[in-house]
Amino acid sequence: MSNDTLEKPRAAAPFGGRPSMRRIPWRSLAIVVPFLAVFIALTIGSPAFFSAQNIGNVLDRQSGILIVAAAATLVLIAGGIDLSIGATYMFTAVICGTIIVRVGGETGAALGIIAGILAGLIVGLLNGVISTYLKINPLIATLAMSFIILGATKLVSQFGKEGIGQIRVDVPEFRWLALTKPLGVSLPTWIALVVLIVLGVILWRTTFGRYVYAAGGNAEAARLAGIRVNVVRITTFALAGTAAGLAGVIDLARTPSAPENDAIATTLTFTVLAGIVVGGTSILGGEGAVWRTVLGILFIAMLYNGFTLLRIDPLFQGIALGMIILVAVGFDAWSKFRRT
Amino acid sequence: MPHTAAAVAPQLLVELRGAGKSFGGVPVLTGIDLRLEPGSVHALVGENGAGKSTLSKIISGVYTIESGRLLIDGEEASFSSPREALDRGIATIAQELALVPELTVAENVFLGREPRTLGFINRRKLRRDYLAIAESTGFELDPDATVGGMRTADQQKVEIMRALARGASLIIMDEPTAALSAHDTVLLHGVVRQLAASGRTVVLISHFLSEVLDLADTITILRDGRLIRTAPASEETDSSLIEGMLGRSLGSVFPDKPDVVSQGEVVLRVTDLVAPGVYGVSFDVRAGEIVGLAGLVGAGRSEIAHAIFGSVAIAAGTVEIEGVETSGSIPGALKSGIFLIPESRKEQGLVLGRPIRDNVTLSNMGQIATGGWVSAGVERRASRSLLDRVTVAGDDRRNVSALSGGNQQKVLFGRALQRSRKLLIADEPTRGVDVGSRRAIYDLIVEQAANGIGVLVISSDVEEVIGLAHRVLVVRGGTIVGEFAGRAMTEENIITAAFADPIMNGSE
């Protein structure tokens, strides 16, 4: 309870800065401009970049990460964060692969796909419950969960491989998932497109989407408006887990061996968060959009692709990405500061 | 040096000349002339929002003055932080104590200024210095006890000793006895007198008028950011202080109250309600009736509202709407027809980063969405019609943070109007709202009552409560201590009931 509003600077009118400056939607421009700039620069700088083959390859490779990032965007907007998506992604791939190896045939493939996605859903639900009803900060909760999941991954994978090495599922009953190309575009790209549109529309035009923004923007106000904030947050975690499961399955079909390297999980989590943040979704919740994350992830992918095409030492990729994240987040903080 | 500081303190004369301060263009203090004599207890009294805290924060370096001058020992001073004020010998003992609970009494007293030898804390000297200070105050506290487990009164003593250890010559005490028992209050009064006797200045902010009259040498009355008068305590009485704090009525800023059918149906019935901060509250609100909940900040008014609304758990008692017990959850309360406009619209009411449109429809999305799908046209029309009813003009796709305080409050009223309600609770509906919007909000409240809705208005502004309500309940210490209606509903009656004597309160 505050003593009284008048005696606090909080009571100050929320205006500041010149009106003309305020009308420009700085935050909307944040990702679009650099995205287009790099896209045009690469098209001019490298003839190989703007070819159906190269763009198709980039999209195919990014489909898994785009699916995860789109769902993780909802988690962030609702005021949470999920550091376990990379681990979940690997875990579900291993579950899927193990079942395919063990059961075999079309049944194995179908069961593997379902089990992989379900495992993702369960992990997501757990993350949600732990970080809401059990009141453990989502950062810590999902960090801890990712260690647990990585351990569980190794436990499961023992059943799916012979001796040392990785689980390999190079069977046509399963690999069609990655190799089919309806209308000349890979199936993973199509799946990603559908998921992105569905999640984007959910956020933009549904009651649930509004609740996600409200839960992250002002949880107490949302609660007093009658919104079950915990349920909303758990649902976002469940979506992220399911998306990680789907992505794990898709990438397993693409490669076709289950990765079993903690660094891959960590890199996926980091890249997803980087893409979300570079896209302009606030890490503090309440703001953001799926299309932003798509641009953010593709921006990073394009940058990496450009480095390869232009034969720049990959050493600089990480440095460049890190600096871009700092600029993006700094810009976010600056635009917030200007508004208040 | 700490142990000399405790004996006879260097005297410090603090003066304000024409001091003014405003927040976001709203003046909260204007033309304050004040002289704080060393060796005296100077009390600041006024209603909530009169400017007492702002004034004390200017002296203690939290705020800087915008106009006028701050003089220390006759020289103009300007503090850019509380730290600088502290270095000049000005310390504040705030309502929320700032101690490190894990450390001991002696460590807290010397926090940040521990006697050191070669970088290590010299425990023996720490103890010796502590005992010197403790002796000068007469406090008997174990220097090695951990502060976290101590009673509030004892923690307050630690704070006072810390101020003395830092050589404070002027000590600001903000509601020092609000959390104390009767016995500890008497002890603290002794300490205050002793501090003044040793040549220090004590600035006392208190809601308890008897305490003020008893302790202070000089009393300054503030009202609406202006200094009404400064006079010796011996020339003031309870009623002269109340009169000064309230001032003259500003005329009719309130709409006519709608007639209530005295036999009207009971909309809300609260029976023996116990919840956090609420200790056994029973009352009724009839259809079309406006009931005011008056009392001081922290008396338990908002807590009662939240218990009714289901946003905190009820420990005992019942809340009934038209005879049906509520389910004790917010969605349940909304379903049964209760709507709460919370106390802090920025922290509890609005999602500031979202458009006005989203905010006005937030608690009743079902009306603009079918099967979870928001229909753009229905949403636009619903938002526009609600905003028209509460007179908020302009593009509703703007962020709600772009609106003035008054219009933000109207957006929350718009939310309330979206569905037919049975009980509307408005907690501090005009806090931080400009005069123009104020009348519009009063009209909305009265309109609701005229439509047969029971209204519960919570306000720290006694004038507002009287101007709006048919009946006023006064809350103190989480219970209802008075009920006034008709002619008995006067500012004097309400204020007298709200300002309880702490000693009487403690012995109850």
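**Domains, strands and helices in a predicted model**

Mentor: The C-alpha centres of domain 1 and domain 2 of chain B lie 36 Å apart. This is a predicted model, in which local features need pLDDT of at least 70, side-chain atom pairs count only at pLDDT 80 or more, and totals for chains, interfaces and linings use all residues. Residues are numbered from 1 along each chain as its sequence is written, and chains are lettered from A and ligands numbered from 1 in the order in which they are written.

Trainee: Where do the domains of chain B lie?

Mentor: Domain 1 covers 2–246 and domain 2 covers 266–507; such bounds come from an automatic or database domain assignment.

Trainee: Why are S1 and S2 of chain B called paired strands?

Mentor: Pairing requires that DSSP find at least two bridges between two strands. Strand S1 (residues 14–23) of chain B and S2(B) have 7 bridges in the antiparallel sense, so they pair. Among the residues involved, Lys21(B) has Leu29(B) in S2(B) as its bridge partner.

Trainee: What makes S2 and S5 of chain B edge strands?

Mentor: The open antiparallel sheet of 4 strands runs S2-S1-S4-S5 in chain B. Strands S2 (26–36) and S5 (75–76) of chain B each pair on one side only.

Trainee: How many helices and strands does chain A have?

Mentor: Chain A has 14 helices and 2 strands, counted as DSSP runs numbered from the N terminus (helices: H or I, at least four residues; strands: E, at least two). Residues 263–284 of chain A are 77% helix and 0% strand, with end C-alpha atoms 26 Å apart.
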